[in-house]
Amino acid sequence: MQVHTKRVYEPKADSDGTRILVDRLWPRGMTKAEAAVDLWLKEIAPSTELRRWFHGDQGNWADFSERYLAELEGNQAAVDQLRQRITAGPVTLLYSVKDEIHNHAELLKAYVLHRR
């Protein structure tokens, strides 16, 4: 199974496969054509409350990670939908935040690949 992560602001590449936006909000300043998103799976993104808590500088990465993984545990329908897409071919999880290491798409990738 091939799963990649990428900022939605980066250009589309042939190697992306199915491009899945995993943010709850549409990326600022992007048109649908520019984003080239095949599926917007906003249900799998961190909850609005968790996102605001983390980006409001109230939480740290470790706490955010733990809380987001707990949300994924309770959201198996969206996780299963993503896993079905992954088994069909290469997938790129698209996200908006600037931090390419500490972002929910990286957590999501690890979750779907290593937890059953």
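A crossing counts as left-handed if the near helix is turned anticlockwise from the far one by less than a right angle, and as right-handed if clockwise. By that rule, α3 and α5 cross in a right-handed sense.

This is a predicted model: local features need pLDDT of at least 70, side-chain atom pairs count only at pLDDT 80 or more, and totals for chains, interfaces and linings use all residues. Residues are numbered from 1 along each chain as its sequence is written, and side-chain values use heavy atoms, with hydrogens and water left out.

**Helix packing**

Helices (H or I, at least four residues) and strands (E, at least two) are DSSP runs, numbered from the N terminus. Axes are lines fitted to C-alpha atoms, for helices over the stretch in contact, and angles run from 0 to 180 degrees between N-to-C directions.

| Pair | Axis distance | Angle |
|---|---|---|
| α3 (residues 61-73) and α5 (residues 104-114) | within 10 Å | roughly 50 degrees |
| α4 (residues 76-87) and α5 | within 10 Å | roughly 80 degrees |
| α2 and α3 | 10 Å | about 175 degrees |

Angles under 35 degrees count as roughly parallel, over 145 as roughly antiparallel, 65 to 115 as roughly perpendicular and the rest as oblique. α3 and α5 are therefore oblique. α4 and α5 are roughly perpendicular. α2 is roughly antiparallel to α3.

Contact means heavy atoms within 4.5 Å. From α2, the residues L50, W53 and F54 touch W61, D63, F64, R67, Y68 and E71 of α3. That contact holds 6 nonpolar, no polar and 3 charged residues. Here Ala, Val, Leu, Ile, Met, Phe, Trp, Tyr, Cys and Pro count as nonpolar, Asp, Glu, Lys and Arg as charged, and the others, Gly among them, as polar.

In the α3 contact with α5, W61, F64, S65, Y68, L69, L72 and E73 meet H104, L107, L108 and Y111. Q76, V79, L82, R83 and I86 of α4 meet L108, Y111 and V112 of α5. These divide into 6 nonpolar, 1 polar and 1 charged.

**Largest pocket**

A pocket is an open set of points on a 1 Å grid over the protein atoms alone, where a 1.4 Å probe fits, with protein on both sides within 12 Å along at least five of seven lines; lining residues have an atom within 4 Å of a point. The largest pocket has a volume of about 520 Å³. Its lining has 21 residues, and D23, R51, H55, S96 and V97 are the closest to the centre. Helix α2 (residues 48-55) gives the most, with 3 residues. The lining divides into 9 nonpolar, 5 polar and 7 charged.

**Backbone**

A36 lies in the loop between α1 (32-35) and β3 (39-40). Its phi is near 50 degrees, a positive value in a residue other than glycine.

How values were computed
Grid points are joined across faces, edges and corners, and a volume is the space filled by probe spheres set on the points.
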